[in-house]
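Work through the exercises below with the model open. Try each task before reading its solution.

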2 protein chains.
Amino acid sequence: METKILYGKELSEKVVQDIKSRVEKLKASGRRVPGLAVILVGDDTASKIYVSKKHEMCEKIGFRSFSFNLPEESPFEKVKELIQSLNERDEVDGILLQLPLPPHLRERTNELLTLISPEKDVDGFHPYNVGLLTIGDDKGIKPCTPKGVLYLLDSYGIEVEGKDVTMVGASNIVGKPLAIMLINRMATVSVCHIKTRCVPSFTRKADIVISATGVPHLIKREMVKEGAVVIDVGISRLNGKIVGDVDFESLLGHASAVTPVPGGVGPLTVAMLMENTFECYVRREGLYGI
Amino acid sequence: METKILYGKELSEKVVQDIKSRVEKLKASGRRVPGLAVILVGDDTASKIYVSKKHEMCEKIGFRSFSFNLPEESPFEKVKELIQSLNERDEVDGILLQLPLPPHLRERTNELLTLISPEKDVDGFHPYNVGLLTIGDDKGIKPCTPKGVLYLLDSYGIEVEGKDVTMVGASNIVGKPLAIMLINRMATVSVCHIKTRCVPSFTRKADIVISATGVPHLIKREMVKEGAVVIDVGISRLNGKIVGDVDFESLLGHASAVTPVPGGVGPLTVAMLMENTFECYVRREGLYGI
């Protein structure tokens with residue numbers, strides 16, 4: 001069996017180009033451009049890289065970007081005040097609080113995310129947006145990575161309705177919302193995680209396996225049905241190399257399609273963040289259909 | 001194998017008695033009692049029965065109950081105005097909009113549910129409460145039937161963590177929120193529905209099978225692993241008799257435990273509604289720990 005490689009990178013370029021041309025039209029008509037504010041608390045190396053990628057992308061597209069780097073030891077109230085001031089700022093359409101937060105703020109993560117106005121919640125993590133997602137109401141803002149995965153599947157014409165999908169990983173950021181979105185699209189979804197007795201008994205039956213655990217090479221050939229589609233949302237470092245949850249090489253010639261890491265789902269996450277920012281702008285400005 | 005019958009009815013009596021004695025203490029201390037408002041649009045026979053059951057239970061417990069029966073043809077704005085006025089009324093702690101709505105309002109159901117103030121949303125259907133449930137934050141109000149199912153399992157000492165659970169049915173009222181609550185409790189959950197290719201392939205593997213479809217006798221002995229626990233959330237009428245989704249008789253001597261219909265999950269739904277009303281009252285009054 002020939003295995004199709006699902007390149008998120010190319011798809012994301014197209015999304016970005018499309019938004020860019022819409023921003024150019026806005027500029028040409030004398031309108032303000034969308035603005036994204038990113039808050040980073042502390043100086044975690046990986047987070048800094050992610051944040052700078054987001055700012056670079058804003059620049060490329062023509063968005064305004066606002067960067068706030070608070071010191072590691074910032075108290076809860078400081079972050080809260082910043083979020084509240086950004087909720088009020090007209091030129092800010094999207095507010096992103098980079099996760100994970102430093103240890104002293106970590107258990108209040110949801111509390112801080114809930115302070116972001118739902119209309120500016122470009123990450124789709126506010127309970128109101130999560131609730132809309134859960135009940136299948138498209139009025140909310142959807143989280144970037146799950147949205148990117150569905151965009152990838154749709155773009156490659158991979159139907160999910162009626163398919164057996166195994167989701168490995170049940171986080172609030174990827175596993176749970178993606179499982180819910182797939183259920184809403186009428187896939188039969190099994191959600192596995194750290195407490196699952198036998199993950200392979202689920203993955204082996206699935207038409208589509210999606211893994212978002214951060215465990216390098218968790219998903220191997222013998223855990224996947226021949227001809228299945230395998231989506232790798234994991235990203236970790238193994239012997240100095242960026243690797244995913246999926247043992248990519250072992251699936252070639254066995255799976256019908258597989259995403260590489262890097263260059264698979266990752267780039268779509270940033271593209272969807274840009275799309276969400278644009279969507280928030282459009283709603284705030286009442287500019288539907290542009 | 002002896003099959004344990006899981007009686008929700010007896011458990012619900014205990015819950016109700018417990019709330020009743022707390023209400024008596026409130027009265028004794030001269031405080032106002034919790035109040036529940038129920039809105040019924042139209043005169044669907046089944047809905048009227050459900051609504052009157054809720055009022056009876058309020059009376060039994062000592063809650064104030066407020067009944068609003070709007071005519072079948074009521075326009076959206078009328079229902080909206082009523083909800084908004086109830087949001088403002090201090091003596092109303094819980095607002096329940098009886099579903100299903102008449103056909104002309106049905107597709108705006110979520111819009112109406114979203115108008116109910118989240119603090120008075122005793123059904124737990126407001127997107128904000130659904131979102132809190134999804135991210136595993138206990139600050140929200142949880143939907144009554146899923147909450148009742150977990151209460152039943154907990155009361156009978158049936159552990160869910162690490163168990164394989166198959167949820168048949170994916171509605172916003174039962175299937176989806178219950179699946180999410182089970183995932184949050186670290187069960188491995190598979191969600192089946194009308195588009196699932198082979199439901200038995202999921203139910204046969206499960207330690208716990210939960211069915212909420214309204215299809216009489218959908219779940220039969222040969223679809224269930226020996227020793228599994230079977231929870232029946234369905235309720236429908238077959239040849240004039242109230243029956244569940246589960247072919248109860250066929251499971252005796254095969255399942256380790258099963259809920260009857262009627263007398264299983266049903267009574268717990270109303271009990272949890274009373275608990276939610278009490279909880280909303282406690283939060284609004286700031287009376288924690290009573």
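**Exercise 1.** Decide whether Ile95(B) is buried or exposed.

Solution. Count the C-beta neighbours of Ile95(B) inside 10 Å: there are 28. Next, apply the cut-offs: 20 or more other C-beta atoms within 10 Å means buried, 12 or fewer exposed, and in between partly exposed, with C-beta atoms placed from the backbone. Ile95(B) therefore counts as buried. Now place Ile95(B): the residue lies in strand 4 (residues 94-97) of chain B. Helices (H or I, at least four residues) and strands (E, at least two) are DSSP runs, numbered from the N terminus. Finally, list the contacts of Ile95(B), leaving aside neighbours within four places in sequence: Ala37(B), Ile83(B), Leu86(B), Ile116(B), Lys120(B) and Val122(B). Contact means C-beta atoms, placed from the backbone, within 7 Å.

Two notes on the model. It is predicted: local features need pLDDT of at least 70, side-chain atom pairs count only at pLDDT 80 or more, and totals for chains, interfaces and linings use all residues. Residues are numbered from 1 along each chain as its sequence is written, while chains are lettered from A and ligands numbered from 1 in the order in which they are written.

**Exercise 2.** Find the relation between chain A and chain B.

Solution. Turn chain A by 180 degrees and shift it 0.0 Å along the axis; it then lies on chain B with an RMSD of 0.0 Å.

**Exercise 3.** Describe the side of chain A that touches chain B.

Solution. Start with the count: 27 residues of chain A contact 27 residues of chain B. Helix 6 (127-135), helix 8 (175-184) and strand 6 (188-192) of chain A each supply at least two residues of this side. Helix 6 of chain A gives the largest share, 8 residues. Then compare the copies: 100% of the interface residues of chain A are also interface residues in chain B, so the copies meet through the same surface.

**Exercise 4.** Show how strand 6 of chain A pairs with strand 6 of chain B.

Solution. Find the sense: the two strands pair antiparallel over 3 bridges. Pairing requires at least two DSSP bridges between strands. Then find the partners. Ser190(A) bridges to Ser190(B), and Val189(A) stands opposite Val191(B).

Methods
Copies are superposed by least squares on the C-alpha atoms of residues with pLDDT of at least 70 in both. Two residues are in contact if their C-beta atoms, placed from the backbone, lie within 7 Å.
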